[in-house]
Amino acid sequence: MPTWGMAIDLDRCNGCEACVVACRTENNVAPAGPEQAALGRTVEWMRVERHVKGEFPNVRTRFVPVLCVHCDDAPCVSVCPVSATYENPEGLNAQIHPRCIGTRACAQACPYTVRYFNWGTPKWDAPLEQTINPDVAVRWKGIMEKCTFCVQRIRRAKDNAREDDRPIADGDVQPACAQACSAEAIVFGDLDDPESAVSKLSESARAERPLEELGTGPRVFYLKEGDWRGSVGPQSSD
Amino acid sequence: MKRRDFLKTTVVTGTAGVLFDACAPPGSDQIIPILIPEEEFIPGVEEFYPTNCVECPGGCGLLARKMDGRLVKVEGNPAHPISRGASCVRGQALPQAMYHPDRVRGPLMREGARGAGQWRNVSWDDAIERLVSELAAVQEDPSNALAFLTGALRGHRLDMVRRFTSTFEATRHLVHEPFGDGAVLRAHALTTGVEEFFAYDLENANYLVTIGASVLDASRSPVRFGRGVGHLRQGRPGRRGKLVAVQPRLSTTAAAADEWLPARPGSEASLVLALAHVILRDELYDTGFIENRTSGFEEFRARVLADFDPELVAGMAGVSVETLERVATEMAMHGPTIVVAGDAAVTGPTGLGTAVAVDHLNALLGGFGKKGGIFFNQDPPFSEWPSLETVVPAPEALFANLTKESDASSGIRALLISDTNPVHTLPSSAGIDGFLSEIPFVACFTSFVDDTAQMADLILPESTPFERFDDDVPSPSVGIPVATLSAPMFSRPLYDTMSMPDVLLRVAAGLGGTVAEAFPWASYEEALRAAWSGLHAVSRGSVTESTERRFWSRALAAGGWWDEDVALNADCLTSDGLYRFELPALESIGLDRTAAGDTSRFTLYVYPSTAFGDGRSAHLPFLQELADPMTSVRWGSVVELNASTASELNISDGDLVEITSDTGSLRVRAQITQGLRPDVVALSAGQGHGEYGRYARGRGVNPFSLLQATTGSDLFEVPLQATTVRVTRIKETS
């Protein structure tokens, strides 16, 4: 049984936000609309944070795609009074929407602030509801929602592999964010498979886990920006 | 939700997988909830249809995902040489364009006064009849002219428009594209004889310098450049390339870059030549390339060494001598190096000079035809359509230059508009309102009543890329011949729409005579197929088949044709085949070495939006809801001010400010940033639509309204960083 994880190379990421909209369309995340968005009620399972340091003209920026890190020991799981969130055997922190009663305790507990509350009924002006992906449940007012690592795509990939009578291969599962990324900054796969691309990236000297010191055991790895000097020699011949 | 309702939902969901609670959004009766155990989950059948993205010049090949007979998502086509399976924010939001609630659902005829927004639904027969009678009136009187106004069309849509206009005695093909980078194309033509965007071998480059061009935001092809820069950084173990961005604002590109050089707007050409100066002075250039494949080098060297010493340029550009010296040396020592110009830097008085200087810098570094350098696009070997006997190609001209003329509209009896929205993206000083009002008949091919269509007499609803046949030749490309092909993914369009080339075919048939003879096809599909038969005939590339019929169906299924085995080339098409160190275009550069005198005025810098481009994607709610990568603004606009400027003007973050130029003013909230020159204020293009559906209408502000239109340049219509403005805080009463 795989343990799903992700590596995000911040040196490749250029902040284009294709992942953000890809996630929205794949997972039926309705726009909050201008009034609700102004209140900070936009739901974004995947968002890109912008960390800017320094003063003009010496400004350094880092874009960080932020999504649920699918903790090994998830604070959101233990605080939920109705067990609406749980860790599945493959390492996903999953949300059972009909069980959620909207205490928002999980959002309080999550150190990564990647859980979102539905302040209103998601609205799709007809006929925009036609774009709803039938593989993913539409949520409703008063409940929490979050990144699922595109569990529907994991299922589909398993189904396809089963039909072909073969084990699931590295690269078979691509969450919507990873698929859209032109810079190939997002890599998804089985952390238990030492040969998988994500395993290898997680071992990189640049790899680190966000807020690892909290003991949450995140399954998303970030690869720090590389240093240009030092890594490029004079006029390469190849 | 009441607790009882909640329980009902729970039970229903758990047993039948169906939601019909009043709170549930429409469409959720078809949704399989995530909690169904895996072994019971039966996914629906997904189908993918290749299509092409028309939102930006990038020309990505896409796959549209269809489930339950609906378009639910798009992905990049993994086989397509440009997109390689990826897409950008605008591509991802495309399904919303098809199912947008405010799409035009059938032809509309104007009822009230122009611009009043009163429309009458008419049939396509009536619409075509009206078009035919209006165009027949044009033909009857030799003093009447037809004008066809388009954006920068590509593929055979462009050929259809050219052919159509060529069949009229007096026609003009007008082009309006606010971020068209026309100066870059002209520079390429002057220096290499190739009037097309270059293909860059980013994957094998080590050093990329962008001059004004926000290549990762919105210019030309964010997907292509995103992939290239990602690879340049981390695609080759042990070898990490560097990205340097030269532009007055910290764009997404500049933020992602390793180094940002905030050069003063208008100084870019001098800065580029100062870099060239260092390379020439220290003899770091590619002598082999210079000696064997260029002409005019000595004159160029003399001019640059005489006039563009970094000591002279640094103060004017606002970039230190040390930085210029270092970057120039790095470029030469750590190649292959690519320099790309675009956006605001290639507009205004020095725009062409900047673009030519950048070409010269690439030539000094010997980048042409080198791995990790620059190659020329190769056209797919399409079959030519039957030639026309009376071919008088309609002259193509920039739209804004026409509208500025006092008698601009004289003689134009009918105006057709497609794929452009000049009422939104031209300054009011360009005189477009007056121009349109004087033309007796205006028809618009469009999916939405936008700012321009609002002024039309007849609206011809365009099908979306998912509902029509189309092809595309991406530019910039990747150096190999690439043709994208798209077919309808539904048996009929969602609404009563028709694609522009098909309308032209019907109108041509209605007009009869030479016009009808010029269009011997029953449908645009047939016209495309005639052209694509050339790709079948060459029997190479990604699709080869024994018969033309099989070739066509396989090309449709593959989303196009490309030939990855073809050798890349960078052979100049100049008369002697040599790269030309063109000097006259550099004449206008570098004379102004003093900073702007009036410190109470700021240069207004207008840039394309990551989400909206020039504004054509602003109608999609997913993109309105998206936080801008650099300003985090959703559903609106801000003006960016440097922190020191803001404190001098006593402006705080979020204050309402008024931006006033000589031609207009607007009010918008201020955002204080470190990522902008103190003498510049920045506004994003894209917002401020008067009309463009419910999500775009009245959102944010339109910076084009503040700009000065050009006086007669044939390279760009609107200088994007040459207008000065005043900024004042507006006291708000609570």
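# Exercises on a two-chain predicted model

**Exercise 1. Describe the contact between chain A and chain B, and find which element of chain B gives the most to it.**

Solution. The contact draws 76 residues from chain B and 71 residues from chain A, in a model that is predicted throughout. On the side of chain B that touches chain A, at least two residues each come from α1 (3-16), β3 (70-76), α2 (89-92), α3 (95-98), α7 (222-234), α8 (252-256) and α22 (621-625) of chain B. Of the elements of chain B, α7(B) gives the most to this side, with eight residues. Sorted by class, the side of chain B that touches chain A holds 38 nonpolar, 25 polar and 13 charged residues.

**Exercise 2. Work out in which order the eight strands of the open sheet in chain B are arranged, and which helices lie across strands of chain B.**

Solution. Begin with the order, which in chain B reads β5-β4-β18-β17-β16-β6-β7-β15, with mixed pairing. At the edges stand β5 (119-121) and β15 (396-398) of chain B, each of which pairs on one side only. On average, neighbouring strands of this sheet are turned by 25 degrees against each other, with direction ignored.

Next, take one pair from within the order: β17 (residues 441-446) and β18 (residues 458-461) of chain B run in the parallel sense and are joined over four bridges, and B:Phe445 has B:Leu460 in β18(B) as its bridge partner.

Finally, place the helices. Helix α4 (residues 124-140) of chain B lies across β6 (145-150), β16 (412-418), β17 and β18 of chain B, at about 135 degrees to β16(B), while helix α5 (residues 155-166) of chain B lies across β6 and β7 (171-175) of chain B, at about 170 degrees to β6(B).

**Exercise 3. Explain why strand β1 of chain A is described as largely enclosed, and identify the strands with which β1(A) pairs.**

Solution. First consider burial, for which a residue needs 20 or more other C-beta atoms within 10 Å of its own. Six of the six residues of β1 (residues 4-9) of chain A are buried, and therefore this strand is largely enclosed by the rest of the structure.

Then consider the pairing. With β8 (residues 186-190) of chain A, β1(A) pairs in the antiparallel sense over five bridges, and A:Trp4 stands opposite A:Asp190 in β8(A). With β10 (residues 220-223) of chain A, β1(A) pairs in the parallel sense over four bridges, where A:Ile8 has A:Tyr222 in β10(A) as its bridge partner.

Definitions and conventions. Residues are numbered from 1 along each chain as its sequence is written. Chains are lettered from A and ligands numbered from 1 in the order in which they are written. This is a predicted model: local features need pLDDT of at least 70, side-chain atom pairs count only at pLDDT 80 or more; totals for chains, interfaces and linings use all residues. Two strands pair if DSSP finds at least two bridges between them. Axes are lines fitted to C-alpha atoms, for helices over the stretch in contact, and angles run from 0 to 180 degrees between N-to-C directions. Two residues are in contact if their C-beta atoms, placed from the backbone, lie within 7 Å. Ala, Val, Leu, Ile, Met, Phe, Trp, Tyr, Cys and Pro count as nonpolar, Asp, Glu, Lys and Arg as charged, and the others, Gly among them, as polar. A residue is buried if 20 or more other C-beta atoms lie within 10 Å of its own, exposed if 12 or fewer, and partly exposed in between; C-beta atoms are placed from the backbone.
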